[in-house]
Amino acid sequence: MLSSSDKDRRDVRHFSEPLVSVVIPAFNAFRYIERTLRSAGRQTYRNLEIIVINDGSTDDTAKVVEQVALEDSRVRLLSTPNRGVAAARNTGIQEAAGWFVAFLDADDLWHQTKIEKQVNALKCLSPQWAAVYVLHYIINSHDEILRSCRPDVARGYIFARHLTFKYVGNGSALLVRRDVALEIGGFDSSYAAAGIGGCEDLDFELRLAARYHIEVVPERLVGYRQYPGNMSSNHLQMGRGALEVVRRSLAANAPLPKYATKSATNATQKYAFWEFRQARNTYLSLVTIWSIARSEPGFIVRLVLDKSLRLIQHCLRLVTTTANGQAPPRMNRSKFDQQIVPSPVERPDETEQFRRHLMRLAAVDAELSSMLEPLAKEFAPAAINHKPRLRSRTLESDI
C-alpha cells in the first residue's frame, strides 16, 4: 500500500507551461536528500511537482522529506516497501500528473536551469521526439566537482550509437514524455531481482531510443555524485548489469547489422572489464579481456602501455613527495551549485578512425529510423495541451 503526506496536490491550472513531474526514488538517503530536494525546488522552471518515493528506508529519509514539504507544497512523499530503484521510479511515473517526467536520484544535484532548458528544447518538437538529456559533472560527497563527463553527444534517432556510446550517462539527466514512459513499460525491475541492478536507466534509455527520437541540451547541468556505498560503487554489479542490458537490447532489436552489434558488444565489454578490475574480480576480468582481445587485439597493448605510464607517474609523485618531505596540497575544487555558469560543451578532437566509426553507426540509425517512420505516424502520442490529465494505464507488475 502507498502512504503519502496529507497535503493535497497543488492546483496548477494558472500555469501556462506544462507540468513537469520530478520523480526521486530514495532508499536510506538521509545524508543527501535535503540537498537534492533543494536543487529541484530552486529550478527556474516553476511548474513542478516533486514526488519522492521512500523505498522502504530505515533511516530518517521520510522525516527530512516531510520537513522540506512543509516549506514547499510541490513536494509529495510516497512510502512503499523496499522493491528497488526501478519499481520506485515506476511508482513515481504512475502517480505523476505532468506531461513530462524528470528523474532525479536522491543523492544528485541539478543546475537551476536544467528543467527549463529541457522543456524548451522538447516542447517545440513533434511527438516523435520523446525525451531530452543533458550532460553532467562527477561530484563528491561535498558537492565538489571531480571531473567532467565525456562530451560526446548525439540527437535524433540514436539507438545504434547509444548502444556503443551510452550518451545519457546517468539516471538524473533525462526528461521524458510521461505517455511514452508508460508505453515502453517503465523501468525493468527484473535486474534488481537477479542481483544485477544499477543499469536499469540504460535499459530504459535503449528501449526509448529504439522507438523514438531523443534531443540533447549539450550543457553540464547535473551533478552526478560518486562516493563509497552508493549503487554505482558496486562495480561487480554494474559490470554484470551493463553486459546483460546490452545483451537483452540486441536480442530484442535483432537483426542489427553485424558492425553495430560488434561495436556495442565491444564497448560494453570494455566498460565491464574496468568495473570488474575495480571490484578485484580476477576471474571475470580475465574472461572479459579474453573476449575483447579476440575482436580487438590492440586493446591489450594499449592496456599495458597505459598501466606502465600510470606506474611511472605514480613513482614520480612518490619521489616528489619524499623530496619535499610532505604530501602535495589538497586541490581547491569548484562546487556544483548555483554559481556554476553552464556553457555549451565543445566536441573533443576526433581521429579519422573514430569519425568513420561514428558515421557507420549513424548510417545504421538512419536506416532504422526510416523503417520506423510509418509506425511513428500511426501511433504517435497526443500533442500537449498543457491541461492536468487523468492517470493512464498501470505499469506492469511494479505498481
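**Notebook: a buried asparagine and its surroundings**

At 2% relative accessibility, asparagine 170 counts as buried; I take buried as under 20% relative accessible area, exposed as over 50% and partly exposed as in between, with a 1.4 Å probe and protein chains only. Before going on, I note that this is a predicted model, where local features need pLDDT of at least 70 and side-chain atom pairs count only at pLDDT 80 or more, while totals for chains, interfaces and linings use all residues. Residues are numbered from 1 along each chain as its sequence is written, and side-chain values use heavy atoms, with hydrogens and water left out.

**Entry 1: around asparagine 170**

I looked up where asparagine 170 sits, and found it in the loop between helix H5 (159-165) and strand E9 (174-177). Helices (H or I, at least four residues) and strands (E, at least two) are DSSP runs, numbered from the N terminus.

Which side chain does the side chain of asparagine 170 meet in a polar contact? It is that of histidine 136, at 3.1 Å. For a polar contact I need a pair of N or O atoms within 3.5 Å; within protein, one must be able to donate a hydrogen and the other to accept it, and residues adjacent in sequence count only if both atoms are side-chain atoms. The asparagine 170 side chain also reaches the backbone nitrogen of alanine 173, at 3.5 Å.

Next I listed what asparagine 170 touches, leaving out residues up to four places away in sequence: Asp108, His136, Asp201, Glu205, Val222 and Tyr224. Contact here means heavy atoms within 4.5 Å.

**Entry 2: helix H8**

Asp201 and Glu205 from that list brought me to helix H8, where both are buried. Nine of the 10 residues of H8 (residues 200-209) are buried, so this helix is largely enclosed by the rest of the structure.

**Entry 3: two positive phi values**

I keep a rule in mind here: most residues other than glycine have a negative phi. Lysine 166 has a positive phi near 45° and is not a glycine. Its place is the loop between H5 and E9, where I had also found asparagine 170.

Aspartate 143, again not a glycine, has a positive phi of about 70°. I found aspartate 143 in the loop between strand E7 (129-139) and strand E8 (145-148), and with a relative accessible area of 11% it is buried.

Is isoleucine 53 buried or exposed? It is buried, with a relative accessible area of 0%. Isoleucine 53 lies in strand E3 (residues 48-55). Apart from residues up to four places away in sequence, isoleucine 53 touches Val23, Ile24, Pro25, Ala26, Leu78, Thr80, Ala88, Thr91 and Gly92.

Threonine 61 is found in helix H2 and is buried, its relative accessible area being 0%. Leaving aside neighbours within four places in sequence, I found threonine 61 in contact with Ala26, Asn28, Ala29, Phe30 and Asn54.

**Entry 4: helix pairs**

How do H1 and H2 meet? The axes of H1 (residues 33-41) and H2 (residues 61-71) come within 9 Å and cross at roughly 30°. Axes are lines fitted to C-alpha atoms, for helices over the stretch in contact, and angles run from 0 to 180 degrees between N-to-C directions. H1 and H2 are therefore roughly parallel to each other; angles under 35 degrees count as roughly parallel, over 145 as roughly antiparallel, 65 to 115 as roughly perpendicular and the rest as oblique. From H1, the contact uses Ile33, Glu34, Leu37 and Arg38, and from H2, Val64, Val65, Val68 and Glu71.

I then turned to H9 (residues 235-252) and H10 (residues 258-278), whose axes come within 7 Å and cross at roughly 170°. That makes H9 roughly antiparallel to H10.

**Entry 5: the whole protein**

Finally I stepped back and found 13 helices and 10 strands in the protein. Of its 399 residues, 52% count as buried. Among contacts between residues at least 6 apart in sequence, 83% join residues at least 24 apart.
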